[in-house]
Amino acid sequence: MTLTLLFSAPDRIWPLYEAALPRALQQAGIDARLTREAAPEDVDYIIYAPNETLRDFSPFTRVKAVLSLWAGVEKIAPNPTLTQPLCRMVDPGLALGMRDYVTGHVMRYHLGMDRYILGLDGAWDQTAPPLARDRAVTVLGLGALGKTCALALAELGFDVTGWSRKLKEIDGITCLAGPEGLQSALSTAEILVLLLPDTSQTQGILNADSLKHLPEGARIVNPGRGTLIDDDALLAALDSGQVGHATLDVFRIEPLPEGHPYWSHPKVTVTPHIAAETREDTASEVIAENIRRGETGLPFLHLVDRSAGY
Ligand SMILES: NC(=O)c1ccc[n+]([C@@H]2O[C@H](COP(=O)([O-])OP(=O)(O)OC[C@H]3O[C@@H](n4cnc5c(N)ncnc54)[C@H](OP(=O)(O)O)[C@@H]3O)[C@@H](O)[C@H]2O)c1
């Protein structure tokens with residue numbers, strides 16, 4: 001039987017997936033029709049990224065799963081019309097992109113590169129940066145992306161602490177967990193990387209109280225979600241020197257509104273939500289594998305826990 005796969009995602013990515021998905025489906029031995037329009041009752045799977053046209057999932061009575069193209073599902077998971085299984089994107093290409101972004105920005109802070117790139121003004125100060133092994137980096141979130149980044153940083157020699165909801169054991173990483181582990185995770189973080197999802201538990205996790213636990217002058221890299229940070233508290237911490245600098249890729253409102261203090265703040269680097277992108281070739285393989293599993297009665301990969309929100 002030919003499956004009907006509805007591709008419901010922003011227009012700009014359709015040309016990428018129109019080519020990559022049929023290839024991956026064919027390789028997985030799946031007979032499917034990929035379409036951007038179909039009668040809801042005919043659809044077997046929805047390949048989805050938040051868009052204006054599909055918000056009500058209730059007419060899709062036959063759908064076996066909604067397969068998200070994005071890793072972050074905070075805009076999909078709370079949808080009350082979505083009763084079918086929801087799988088998030090865990091894409092090796094996305095993880096590699098995030099690894100590159102995080103290690104690059106951590107290295108910028110670790111080596112104090114701005115001093116040299118912006119110009120020394122004739123100051124011949126030969127103080128060398130410490131070795132990576134003497135630099136403590138904390139990664140909040142040890143999921144598909146956080147773990148990849150924590151391991152890459154440890155491989156570079158950094159003294160890495162990771163924090164998650166459930167306690168993990170990861171070679172080379174000091175693992176902490178739960179609300180009781182947060183203060184300790186923050187207290188050593190000369191450089192702090194945020195790779196948590198946006199949930200009711202993580203919103204505002206970096207606030208006036210928690211920022212006080214960081215070592216003075218700590219650097220922050222946030223490619224997680226804008227809602228993780230209380231912006232006023234971060235701006236105050238930057239101004240007081242409690243936080244030395246922040247590199248922010250994600251914001252409560254995107255695009256970051258014109259005139260927002262982050263744009264012009266001398267201690268903030270803004271990147272426009274480019275840390276990591278789902279790559280259509282590897283992501284299509286993940287989607288094809290999940291459809292294959294659905295069709296052969298195997299459990300889906302990367303199922304979202306709707307009660308936890310990620
Ligand atoms: N900027 C970009 O371009 C970009 C691209 C892709 C993704 N992202 C963001 O990156 C986030 C992480 O992605 P991922 O694939 O790594 O997600 P994931 O695999 O779901 O991992 C989430 C991690 O956060 C931890 N966590 C969740 N709630 C927590 C809590 N209340 N307290 C402590 N730890 C908590 C989880 O702990 P457990 O392991 O114990 O469950 C897990 O380790 C996404 O949600 C998205 O927001 C950004």
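**Strands, helices and salt bridges**

Visitor: Which way do the side chains of strand β9 point?

Guide: Ile191 and Val193 point one way from β9 (residues 191-194). Leu192 and Leu194 point the other way. All of them are buried (under 20% relative accessible area; over 50% is exposed, in between is partly exposed; 1.4 Å probe, protein chains only). A strand here is a DSSP run of E, at least two residues, and a helix is a run of H or I, at least four, both numbered from the N terminus.

Visitor: What kind of model is this?

Guide: It is a predicted model, where local features need pLDDT of at least 70 and side-chain atom pairs count only at pLDDT 80 or more, while totals for chains, interfaces and linings use all residues. Residues are numbered from 1 along each chain as its sequence is written, and side-chain values use heavy atoms, with hydrogens and water left out.

Visitor: What makes β6 and β9 a pair?

Guide: Two strands pair if DSSP finds at least two bridges between them. β6 and β9 have four bridges, in the parallel sense. The cut-off is at least two, so they count as paired. Val139 stands opposite Val193 in β9.

Visitor: How many bridges join β9 to strand β10?

Guide: Three, again in the parallel sense. β10 covers residues 218-222. Here Ile191 stands opposite Arg219 in β10.

Visitor: Why is Ser164 called buried?

Guide: Ser164 has a relative accessible area of 7%, so it falls in the buried class. Ser164 lies in strand β7 (residues 159-164). Its contacts (heavy atoms within 4.5 Å) are Leu142, Leu176, Ala177 and Gly178. That list leaves out residues up to four places away in sequence.

Visitor: Is Ala19 buried, partly exposed or exposed?

Guide: The relative accessible area of Ala19 is 40%, so Ala19 is partly exposed. Ala19 is found in helix α1. The C-alpha atoms of Ala19 and Ser284 are 9.7 Å apart, yet 265 residues separate the two along the chain.

Visitor: Why are helices α1 and α9 called oblique?

Guide: Their axes cross at roughly 45 degrees. Axes are lines fitted to C-alpha atoms, for helices over the stretch in contact, and angles run from 0 to 180 degrees between N-to-C directions. Under 35 degrees is roughly parallel, over 145 roughly antiparallel, 65 to 115 roughly perpendicular, and the rest oblique. The α1 and α9 angle is in the rest, so the two are oblique to each other. The axes of α1 (residues 14-27) and α9 (residues 280-295) come within 8 Å.

Visitor: Which residues make that contact?

Guide: On α1, they are Leu16, Tyr17, Ala20, Leu21, Ala24 and Leu25. On α9, they include Ala283, Ser284, Ile287, Ala288 and Ile291.

Visitor: Which strands stand at the edges of the five-stranded sheet?

Guide: This open sheet has the order β2-β1-β3-β4-β5, with parallel pairing. β2 (32-35) and β5 (86-87) are the edge strands. Each has a single partner strand, so one side of each is left without a neighbour in the sheet. Inside that order, four bridges join β3 (residues 45-48) to β4 (residues 65-68). Tyr45 stands opposite Ala65 in β4.

Visitor: What makes Arg115 and Asp125 a salt bridge?

Guide: A salt bridge needs a side-chain nitrogen of Lys or Arg within 4 Å of a carboxyl oxygen of Asp or Glu. The closest N and O atoms of this pair are 3.5 Å apart, so the pair qualifies. Arg115 lies in helix α3 (residues 113-117) and Asp125 in the loop between α3 and β6 (136-140), so the bridge ties together parts that are 10 residues apart in sequence. Arg115, at 34% relative accessible area, is partly exposed. Asp125, at 40%, is partly exposed too.

Visitor: How many salt bridges are found in the whole structure?

Guide: The search finds 15. Among them, Asp134 and Arg133 meet at 4.0 Å, N to O. Asp134 is partly exposed at 48%, whereas Arg133 is exposed at 59%. Lys212 and Asp209 pair at 3.6 Å, and both are exposed. Shared partners also join Asp44, Arg62, Lys64 and Glu295 into one network.
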